[in-house]
Amino acid sequence: MNKLSSALLTVQGLRKRHGERLLFDIDTLTLEAASAYVLTGANGVGKSTLLRILAGLDTAEIGQAVFDDKPVALHPYPSLLRRAIVYVHQHPVMFSTSVAQNIGYGLAARGEPKARMAALVAEAMDWAGVGYLRETDPARLSGGEKQRVALARARVLQPRLLLLDEPTANLDGVAREQVIALIPTLVQEGSTVVMACHDRDLIGLPGVRRLKLRDGRLEYRPHKDEAGDKP
Amino acid sequence: MSLFDATAHAFALLFSGDAALWRIIWVSVKTSVIGLLLATPPAVLLGYAIAMHRFPGRRIAVWLAQCALSLPTVLIGLLLYLLLSRRGPLGPLEWLFSQSGIIAGQFVVGLPVLLAFTLAAVQALDARYAETARALGASRWRVMTTVLHEARYGVMAAVISGFGRVISEVGCALMVGGNIEGETRTITTAIALETSKGEFAQGIALGIVLVALALLMNGALMLLQGEAHTAGGRA
């Protein structure tokens with residue numbers, strides 16, 4: 001139980017069914033504070049579904065869950081988790097306002113004062129390297145720009161837990177590298193990051209721990225540097 | 001009178017500023033706009049709620065909303081007549097054969113169109129918009145305003161279609177309004193009356209106004225949709 005005491009989130013008895021079929025049955029999922037995880041597994045094994053359950057966008061049978069040492073329910077999703085956990089889609093959508101308003105969306109939802117919001121948005125845009133897109137129509141963004149704006153939109157809320165669904169899927173070249181370069185800084189800033197992915201460069205990032213969904217079970221694997229394990 | 005003569009006379013009536021004619025147009029537009037303004041908020045909220053939530057009986061609600069689109073307006077008129085008549089439960093309101101009665105009719109006629117079109121527009125919207133809003137901590141109200149903003153072209157189409165339905169319906173306005181000159185005579189009830197009297201010029205003039213309104217509203221909708229496609233196509 002040592003792990004539980006330093007854990008950001010622990011979920012026990014997490015079962016998800018699709019109709020009669022049991023998608024996964026996880027005894028214990030433990031995520032440590034300020035850590036990075038990759039969630040791997042074959043297509044259709046339920047990686048995205050697991051992230052969506054943790055984000056309150058999907059439901060499952062839950063034994064018990066503890067966030068920051070406080071017992072929580074995942075359904076209905078409590079405001080404590082809604083403020084602390086942010087999920088980013090594989091293909092993020094942009095609201096049809098401006099890029100700056102997209103990044104400030106969550107801050108506006110929290111009622112942040114306009115001046116503070118403007119400063120935080122500007123800082124987040126610099127962080128993601130999308131300052132030049134401030135007033136751009138979001139419909140004009142490329143896939144890589146959308147992903148970086150979505151990361152800035154999530155990061156500006158200073159989430160305790162950030163759930164990224166295939167953040168580099170369908171990106172190549174510079175766009176992919178730009179996204180990968182942002183991930184370690186999120187962890188350095190204190191967020192726990194869980195990425196569902198197959199991207200070897202993300203899996204190989206320093207300090208990233210591996211979770212693997214296989215046959216409906218969750219396996220914890222040490223980082224490849226720790227165990228000489230190959231992804 | 002030949003069709004050509006009647007049409008020429010109709011244009012002459014329109015441009016001469018004939019007070020009775022323009023009064024009819026005014027009553028029509030006024031009752032339609034007020035009826036629509038009253039119907040839009042509940043219809044949009046209900047359409048959004050049905051589209052976004054899973055609840056027992058949801059499929060029945062969708063089915064009823066779509067069926068309501070095909071309700072004959074004369075049947076709505078009959079039901080309203082019975083409700084508003086002196087012995088009806090709403091008789092004390094004294095809305096029968098008044099503009100208030102027509103507005104109530106336009107409300108009932110327009111509501112299913114607005115509801116069904118809003119429901120379709122919200123259902124057609126990518127679910128990730130609502131999920132992203134929720135994932136970023138938006139309240140239920142903010143999620144709704146965000147989703148409706150993203151589905152705004154569909155909602156505008158709902159309003160324009162609703163306007164087309166209420167301004168062009170004749171059965172309900174005739175039964176509940178009574179076609180009283182200067183009071184409850186609308187474009188469609190006047191066309192029916194004038195045609196039955198063999199007075200085609202006024203009927204054609206009013207028909208021209210109806211067609212012009214339809215062209216105007218649908219032109220506006222096409223412009224808006226064109227803008228939406230242009231915006232979407234830039235991604």
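Modeller: Helices here are DSSP runs of at least four residues, strands of at least two, numbered from the N terminus. Keep in mind that this is a predicted model.

Colleague: OK. How many helices and strands are in chain A?

Modeller: Chain A has 10 helices and 10 strands.

Colleague: What is the radius of gyration of chain A, next to that of a compact globule?

Modeller: It is 17 Å for chain A. A compact globule with 231 residues would be near 17 Å, so the two agree. The C-alpha atoms fill a box of roughly 45 × 35 × 35 Å along the principal axes.

Colleague: And what share of chain A is buried?

Modeller: Buried residues are 44% of the 231.

Colleague: Switching to helices. At what angle do H7(A) and H8(A) pack?

Modeller: About 15°, with the axes 9 Å apart. Angles under 35 degrees count as roughly parallel, and H7(A) and H8(A) are therefore roughly parallel to each other. The crossing is left-handed.

Colleague: Which residues meet there?

Modeller: From H7(A), they include A:Gln147, A:Arg148 and A:Leu151. From H8(A), A:Val179, A:Leu182 and A:Leu186 are among them. By class, the contact of H7(A) with H8(A) has 5 nonpolar, 4 polar and 2 charged residues.

Colleague: Now chain B. How many residues are in contact between chains A and B?

Modeller: 20 residues of chain A contact 18 of chain B. On the chain A side, helix H3 (79–84), strand S6 (85–88) and helix H5 (105–109) each give two or more residues.

Colleague: Which element gives the largest share?

Modeller: H5(A), with 3 residues. The chain A side that touches chain B has 11 nonpolar, 3 polar and 6 charged residues.

Terms used
Residues numbered from 1 in each chain as written. Chains lettered and ligands numbered in written order. Predicted model: local features only at pLDDT ≥ 70, side-chain atom pairs only at ≥ 80, totals over all residues. Axes fitted to C-alpha atoms, helices over the stretch in contact; angles between N-to-C directions. Parallel < 35°, antiparallel > 145°, perpendicular 65-115°, else oblique. Left-handed = near helix turned anticlockwise from the far one by under 90°. Contact = placed C-beta atoms within 7 Å. Nonpolar A, V, L, I, M, F, W, Y, C, P; charged D, E, K, R; others polar. Rg over C-alpha atoms; globule rule 2.2 N^0.38 Å. Buried ≥ 20, exposed ≤ 12 C-beta atoms within 10 Å, placed from the backbone.
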